[in-house]
Amino acid sequence: MRNAFLEAVVDTVLPGERGGPDATPDVLPLPPGSHAGVVLDPNYAAQQGVLRFIAERAGGEEAFARASFSKRTELLEQVERESFAPFRALVSALVQDYYEAPSVLVAMGWREGAAQPLGHDVPQADAGTLRCLDKVRRRGRLWRPVS
Amino acid sequence: MRLDPVDIAIVGAGFGGAAFAWRLSQQRPDLRIVCVERGGYSDRSALPALRPDWQRAVLNEWATSPNLRLKSGRKPASADYPIDDTQSDFKPLMWNGVGGSTIAWAAHFPRLHPSDFRTRSLDGVGDDWPFSYADLEPYYDLNDAECGVSGLAGDPAYPPKPDRAMPPVALGRMGMAAARGFDALGWHWWPVDAAINSRSHAGRAACNHCGPCLIGCATGAKSSTDLTYWPKALENGVELRTGCVVQQVEIEAGRARGIRYWDEIGREVFQPAQIVVVAGNGIGTPRLLLASGVKSPALGKNLMFHGAAYARGLFREELDGPVGPVGCAIYSHEFYETDESRGFKRGVHLQVTRENALLVQASRLDRPWGETAQRWLRDEFRHSVAVLVCNEDLPETHNRVTLTDEVGADGLPGVKVEYRVSEHTRRALDFGLDRAEEMLRAAGAHRTVRIALAPLTGWHLLGTARMGTDPATSVTDASGRVHAVGNLMVADGSLFPTVGAVNPGSTIGALALKLADDLARRVE
């Protein structure tokens, strides 16, 4: 299978934010899948069937790769309808690679790497929030007595 | 191989088995107690949270469903067996190993309400428990002390509880946003009781809010019975045998003789015992008892999960949903007790939970690919508040656990779960979702979304070997003794005649402690 075809599949499933979100120092545009290091292995047997099916529906690998983004999306929607489980398995594999990619995590304002040992800072309830509990206390017993 | 007899043989080292073993060994040090567990210990130094690819573990070898773990192609640390759940609206979730599902739980630790023990008398639905909240209360207190609870005393939704050992787990911006919503409506809310250390306690570290509690707790801040009850039980002399799959409770002339199991190297072993105690959860327990030929019209029936649905609010402000203990922020019992004007009896629990990790959020979208999915994720991630709506699921005999004709790889008959959401549950969930959306809007959400049913919430496996007084409608008596086999007991969530609308862990532990005391007084 040609690289251009495989890359086109990846970037249709995971197009990224082509226009970009409203830029802030913390928010970068999501990259397309292929720019985040997501690759399809043409030798991975479990995916060959659905990839061949995509190419067939498009009229060939080259036709898929050359098609517009919206046309490629339409084709994948068609494949999803006709071959749901294999297509979703392909999507699942790509999604797992993509949303663990450091560039994607950083674009989402997140931290790359393991959850531990750093953990995260989470603020305690502030004084205003704790004052709201006084209102709850003042209501008195809410539980239903049982004789 | 036939072993020397023991006094007590416990099957299953989860919450029920662990609490029972510890308490009985404390009260009766003269007894020889053995616990046999199909899984092993979780290796905290090898948990996924210590690796950069931890998120995908949530979807694979640490998925909440044993079926998903088995399908993942990666070797799970949990000693799983497949469950036919094709005819179940909720998918059964569990962890099989020392600590049971406390290894992978959220450690949300509410108690039942006093009214939950009297649903038949008060509301004409379900059944009364054979004892009251007041009877169980000292064991709730003891269980809290042993597990270590963070929280805040003084909640008017409950009878007074002792001071919590630690202050509440940090609410975070997400929890404070939800509190704002409840407060604006004048509704009850309170910080959750959590079996998680908010500061160093009992030799375990304070939680550092890493997030993924459901893939095991690498720091040990989260209470799980491999860290709490088991070390003390072992110190008391209880013997814990891991990697041993019990095939049968051998029963002869209405008496249990002991347990037959495959040990960790595949040998068949017979362990004679004066009393056998099964604590394999609401699926594992009926599976073993049915496979052992226990006869009871109620065995395997009346499976209850808790109805579960979600409402999610999207906020413009940046929140911190994906970090911190997943089950922890605040809850509301404004609608917990019966109000018949709502069109259903009993009530709902509204729990503000934390959000999923990025990959998990992406994977659970209806269509997780394409521009729309990525746009949605951008709007949602770090900008949402989730409210879990749980209702009181009522016992219905057609919701059940049965054996299949197949034999599993573990040597036991296969197991099937049949469960359908009732009209009662649907009405209660819809009511709860309406209230959750109302709260989210009051808190400032610019958009709300309903997930009308959350199938992957089936942690609460309850009711399939229920307690009661009538052998026609219950499997055991109030002390967990199987009616038909006097020296065979159950000590887990299977015993619940009804389930309230809250998570059962706290009650499973308290109940096991009470049953252990009952037995300690009774046994020769």
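Biologist: What pLDDT does chain B average?
Modeller: This is a predicted model, where local features need pLDDT of at least 70, side-chain atom pairs count only at pLDDT 80 or more, and totals for chains, interfaces and linings use all residues. Residues are numbered from 1 along each chain as written, while chains are lettered from A and ligands numbered from 1 in written order. pLDDT is the predictor's confidence in each residue, from 0 to 100. In chain B, 100% of the residues score at least 70, and the average is 97.

Biologist: How do H2(A) and H4(A) lie to each other?
Modeller: H2 (residues 45–58) and H4 (residues 69–82) of chain A are helices, DSSP runs of H or I with at least four residues. They pack at about 125°, with axes 10 Å apart; axes are fitted to C-alpha atoms over the stretch in contact, and angles between N-to-C directions run from 0 to 180 degrees. Angles under 35 degrees count as roughly parallel, over 145 as roughly antiparallel, 65 to 115 as roughly perpendicular and the rest as oblique. The two helices are therefore oblique.

Biologist: Nice! Which residue of S14(B) stands opposite B:Thr402?
Modeller: Strands are DSSP runs of E with at least two residues, and two strands pair if DSSP finds at least two bridges between them. S13 (residues 400–407) and S14 (residues 413–419) of chain B pair in the antiparallel sense over 5 bridges. Opposite B:Thr402 stands B:Lys416.

Biologist: Which residue in the turn of that hairpin has a positive phi?
Modeller: S13(B) and S14(B) form the hairpin with 5 residues between them. A positive phi of about 90° belongs to B:Gly411.
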